[in-house]
Amino acid sequence: MDGYHSTLQAARARITEITAEQLNPDDGVVIDVRRPHEHALGLIPNAVAMPMERLLDSITAVAPDRTGSIVLYCAVGERSAIAAASLEDAGYTNVVSLAGGIKRWMALGYPTMSEAGLTESRRQRYARHIV
């Protein structure tokens, strides 16, 4: 097993994962740890875009309370699991990872929005106006 998969397996063994059905985007801080170029798929409503590479340096800006609820997600739930373990190592006590990531969220037909705050239907409607 390579280093990435070993790290992922170790992270999943000690963090909590939730399903898309369990996630309420209005409960706590929801953080998208994908890279900026991946946001074309959209974001979960109310999510904050914060790439995994900057998470530990920037987390206090959106989650100063280390006991507050934090949900992390990525494309399929792997990077967010590793990021959740990193936040737990940094002293955060109420961190979960979204199993299946935004791809699972979207497969279930749940809403997404653009970084500009547009829902998918509005993004399509106004696509020719957005440069």
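The chain has a mean pLDDT of 89, with 86% of its residues at 70 or more; pLDDT is the predictor's confidence in each residue, from 0 to 100. Residues 126-131 fall below 50, and this stretch has one contact in the model beyond near neighbours in sequence (contact means heavy atoms within 4.5 Å). Where pLDDT is low, the predicted coordinates should not be read in detail.

This is a predicted model, so local features need pLDDT of at least 70 and side-chain atom pairs count only at 80 or more, while totals for chains, interfaces and linings use all residues. Residues are numbered from 1 along each chain as its sequence is written, and side-chain values use heavy atoms, leaving out hydrogens and water.

Now look at helix 1 (residues 3-14), which packs on helix 3 (residues 78-89) at about 60 degrees, axes 9 Å apart. Helices here are DSSP runs of H or I, at least four residues, and strands are E runs of at least two, numbered from the N terminus. Axes are lines fitted to C-alpha atoms over the stretch in contact, with angles from 0 to 180 degrees between N-to-C directions. Among the residues making the contact are Leu 8 and Ala 11 of helix 1, and Ala 81 and Ile 82 of helix 3.

Next, find Ser 97 in strand 5 (residues 95-98). Ser 97 is buried, at 0% relative accessible area (buried means under 20%, with a 1.4 Å probe and protein chains only). Its side chain makes a polar contact with the side chain of Ser 80 at 2.7 Å, that is, a pair of N or O atoms within 3.5 Å, one able to donate a hydrogen and the other to accept it, where residues adjacent in sequence count only if both atoms are side-chain atoms. A polar atom of the Ser 97 side chain also lies 3.3 Å from the backbone nitrogen of Ala 81.

Methods
Buried means under 20% relative accessible area, exposed over 50%, partly exposed in between (1.4 Å probe, protein chains only).
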